[in-house]
Amino acid sequence: MMLLASGHHPVHHGFLSPTGVEIAFLLVAAVTFGAAVLTVTTKQLVHAALWLVVALGGIAVEYLLLTAEFIAWVQVLIYVGSVVVLLLFGLMLTKAPIGRSPDADSGNKWAALLVALAAAGSLLWVVVDAFRTTWINLDGPGQGSTKVSGSILFRHWVLPFEALSVLLLAALVGAIVMSRKSGDTSGAPGDAPRDKEQR
């Protein structure tokens with residue numbers, strides 16, 4: 001009341017005067033981007049998986065800063081807690097090298113960079129086009145709340161959600177099959193009968 005009586009108006013932060021949340025958002029975005037770059041450029045597979053944890057964790061922090069707590073915890077539980085663990089489990093089953101692996105670099109860096117830029121541009125265009133005329137009802141429930149997210153997920157995105165679970169299961173089965181094949185080829189199948197004949 002005293003501010004209104006004295007003629008002072010509430011301060012509105014514009015684009016050139018960011019708040020603390022916006023600054024934290026940009027800092028976390030920079031760390032996430034750096035971790036993503038290190039994920040695809042490192043030649044150590046285990047380090048790539050660990051940098052992937054940092055990148056996915058940074059995305060979860062971004063969701064928290066956007067007040068989408070439910071999406072943030074889903075990001076942590078599904079991607080950080082399941083996808084990365086499955087990736088590490090697959091690396092252990094396939095006996096991937098722990099140190100630097102020369103096979104991690106295919107030599108097609110420029111082609112991969114062009115594909116990455118094209119994919120990023122396409123994703124940016126899709127997001128901008130989808131939300132260009134979208135209005136958020138500030139009086140209704142939060143867009144990142146459990147009610148809204150659960151309703152959208154189980155009404156419109158059930159099939160992609162189930163397809164992701166099948167994809168993760170296929171990756172796990174493939175890792176187990178590859179590990180069994182590598183274990184079978186380690187010893188020749190005819191060694192045991194030949195040893196018996198020699199004895």
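Reader: How many helices and strands does the protein chain have?
Author: This is a predicted model. The protein chain has 8 helices and 0 strands.

Reader: And what share of the residues counts as buried?
Author: Of the 199 residues in the protein chain, 13% are buried. The accessible surface amounts to about 15,700 Å², and 71% of that area belongs to carbon and sulfur atoms.

Reader: Which residues does UniProt list as "transmembrane region"?
Author: The unreviewed UniProt entry lists residues 20-38, 45-64, 70-89, 110-128 and 157-177 under that name.

Reader: What does the chain look like over residues 45-64, helix or strand?
Author: Residues 45-64 are 100% helix and 0% strand, with the end C-alpha atoms 29 Å apart. Residues 110-128 are likewise 100% helix and 0% strand, and there the end C-alpha atoms are 27 Å apart.

Reader: Turning to packing, at what angle do H3 and H4 pack?
Author: Helix H3 (residues 45-65) packs with helix H4 (residues 69-93) at about 175°, and their axes are 8 Å apart. H3 is therefore roughly antiparallel to H4.

Reader: Which residues make that contact?
Author: From H3 they include Leu45, Val46, Leu52, Leu56 and Tyr63, and from H4 they include Glu69, Ile71, Tyr79, Val84 and Leu91.

Reader: How many of the residues in the contact of H3 with H4 are nonpolar, polar or charged?
Author: By class, that contact has 19 nonpolar, 2 polar and 1 charged residues.

Methods:
Residues numbered from 1 in each chain as written. Predicted model: local features only at pLDDT ≥ 70, side-chain atom pairs only at ≥ 80, totals over all residues. Heavy atoms only, no water. Axes fitted to C-alpha atoms, helices over the stretch in contact; angles between N-to-C directions. Helix = DSSP H or I, 4+ residues; strand = E, 2+ residues; numbered from the N terminus. Parallel < 35°, antiparallel > 145°, perpendicular 65-115°, else oblique. Contact = heavy atoms within 4.5 Å. Nonpolar A, V, L, I, M, F, W, Y, C, P; charged D, E, K, R; others polar. UniProt positions renumbered as here; feature names shortened; annotations may be inferred. Buried < 20%, exposed > 50% of the residue type's maximum accessible area, 1.4 Å probe, protein only. Areas by Shrake-Rupley, 256 points an atom, 1.4 Å probe, with all protein chains shown as cover.
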